[in-house]
Amino acid sequence: MSRPSSAMAEEHAAGGQAGGERRARQKPMFTVPIITVVLLIVAPCALFLFTSDVALPRIRIEYVRRDIPAASAPANLKAPPPSPEAAVAVSSLMPPLPPEAAVAVPSEEQQQPLPPVRQLTDRPYSLGPAVPDYDARRAAWLAAHPGFPAFVAPGRPRVLVVTGSSPRRCSDPEGDHVLLRAFKNKADYCRVHGFDIFYSNAVLEAEMSGFWTKLPLLRALMVAHPETELLWWVDSDVVFTDMLFEPPWGKYARHNLVIHGWDEAVYGARNWIGTNAGSFVIRNCRWSLDLLDAWAKMGPRGPVRERYGKIFAEALSNRAAYEADDQSALVYLLATQRDKWADKVFLESSYLLHGYWKAIVDRYEEMRSKWQPGLGDDRWPLVTHFVGCKPCGEQGASYEASRCRQGMERALNFADDQILNLYGFQHDSLNTTAVRRVRNDTGRPMDADDDEIGRLLHPTFRAAKP
C-alpha cells in the first residue's frame with residue numbers, strides 16, 4: 001500500500017538535509033590553494049642552496065671485506081678501493097669541491113707516514129744488504145745479455161744521467177716551470193750525447209730526505225741496470241751550459257768516483273766546500289755500493305743527522321754545527337778514511353763539472369764573443385750550478401729569488417741557443433724567451449761542413465767516433 005504524499009515529502013526533505021550536511025563536512029577548511037603554499041615555502045630554500053657557498057654534506061661509502069668475518073676483522077682494516085661503477089655512482093651524489101679544495105696538495109708527510117726516528121743507539125742505517133760478489137754477478141749478466149753492453153763503443157761507456165726534484169708542487173708559482181726548463185736542458189744534453197736519463201720525484205726512503213734522497217736512488221738504479229757503466233748525478237738546479245763538451249771517460253778508467261774538487265782542499269784543509277756533491281759520476285760496481293752505504297749511515301733524519309752535523313763542525317773547516325748534509329759527509333768520509341777510498345776517487349778541476357753560477361752568468365756574452373762550445377772550463381763551462389738558490393721557492397735560500405731567477409733564465413737561454421742554432425734560430429737576448437731566425441740553411445743539414453753541427457745533430461756518429 002502506498003504511503004501518503006505528506007510522508008513522502010517529509011522523507012525527501014530529511015534526505016536532502018542529510019546530504020547537505022555531508023557536503024558541508026567535505027569542504028576544505030582553507031580556501032588558499034595548496035600548490036601555491038608549497039611553492040612559496042620551497043622556492044626560497046632552493047634558491048638559497050643553489051646560490052650560497054654552503055657545501056652540502058658529502059656521502060661516504062665504506063666497503064667491508066667479505067672474505068674476513070666481521071667478528072675477527074681488525075679495527076684498523078682499510079677498505080679496498082671501490083669499483084669504477086661505484087665510484088661513478090658516489091661521485092654523482094657529491095657536490096663539486098670548492099676551488100681551494102680542488103687544488104690542495106697534501107704534504108710529503110701526509111702522503112707517506114714517517115717511520116720512527118732512528119736513535120743513536122739503534123742499528124746504523126743501511127741502503128740494503130751487502131753484495132760481496134756483485135762485480136762477478138754483473139759480469140755474468142753482461143755476458144749473458146750481449147744486446148745490452150756496458151760500453152756502446154770502444155772507450156765509450158753507457159752513461160745514465162740521474163736527476164730529480166721534490167714530490168710536492170713548488171710554493172713559488174713559477175718554480176715548476178723553471179724545473180721543467182731545467183729538465184728539458186738535461187734531456188737536450190743527453191739526446192746530443194746518446195746518454196740515458198732518469199728523473200725521480202719520489203722519496204724512496206723517508207729517513208733519507210732532503211739532500212740525502214739521491215743515495216737510495218743511485219743504489220736502486222745500479223742494481224736494476226747492470227748494463228749501465230756510469231751514473232751521473234746532477235741536482236735539479238744544475239744547468240748544462242756546454243752542450244758539446246763530454247767528459248773524457250778514458251781518463252777515469254781506473255777510478256770509480258769522479259767529482260769536482262781539489263786534493264789540497266779535501267785531504268789537506270778538510271774544507272767542506274773542497275768539493276761539490278751536486279754533480280758527480282759514479283761507476284756501477286761493488287766499490288760504489290760500499291761507498292754509498294758508508295756515506296748513507298750519516299744521513300738518517302733526527303738525532304743521527306744532528307750528531308754528525310756536530311762532528312763535521314769539529315772535523316771540517318769553515319763549517320758550522322748544523323745538521324749533516326751529504327756534501328760534508330762525503331768530504332769527512334774521504335778525509336778520515338783516505339786509505340780506503342782515495343785511490344778510486346778522481347777530484348776533477350781541469351773543467352767545470354761544477355761551476356758556481358755567480359761567477360758565470362754575467363759572462364755569457366763575453367764567452368760567445370771569444371770562444372766556442374766544447375771547452376768545458378771557465379771559458380765555456382760544462383755546468384752552471386745555482387748553489388744557494390731555491391728554484392721551487394723553498395725556505396733557506398742564500399740569495400734573492402729574483403737574482404737567482406734572472407741567472408737561471410740566462411743560463412737556460414745560453415744553453416738553448418746552442419740547440420736552436422742548429423736549426424737556424426737564436427734568442428733575441430739571454431734575458432728573454434723570444435727567438436728569431438738567424439739563417440735559413442736547415443733544408444739540407446746532412447750537407448753541413450761544420451763539425452760542431454754534425455756532432456750535435458747526429459749523436460750516433462758521435463757515439464761511434466769519440
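A: A salt bridge is a side-chain nitrogen of Lys or Arg within 4 Å of a carboxyl oxygen of Asp or Glu. The model is predicted: local features need pLDDT of at least 70, side-chain atom pairs count only at pLDDT 80 or more, and totals for chains, interfaces and linings use all residues. Residues are numbered from 1 along each chain as its sequence is written, and side-chain values use heavy atoms, leaving out hydrogens and water.

Q: Which parts does the pair of Arg 305 and Glu 323 tie together?

A: Arg 305 lies in helix α11 (residues 303-315), and Glu 323 in the loop between α11 and α12 (326-336). These parts are 18 residues apart in sequence. Helices (H or I, at least four residues) and strands (E, at least two) are DSSP runs, numbered from the N terminus.

Q: Is Arg 305 buried or exposed?

A: Buried means under 20% relative accessible area, exposed over 50%, partly exposed in between (1.4 Å probe, protein chains only). Arg 305 has 6% relative accessibility, so Arg 305 counts as buried. Glu 323, at 42%, is partly exposed.

Q: How far apart are the closest N and O atoms of Glu 365 and Arg 410?

A: They are 2.6 Å apart, in a salt bridge. Glu 365 sits in helix α14 (residues 364-370) and Arg 410 in helix α15, so the pair ties together parts 45 residues apart in sequence. Arg 410 is buried at 6%, while Glu 365 is partly exposed at 38%.

Q: How many salt bridges does the structure hold?

A: It holds 25.
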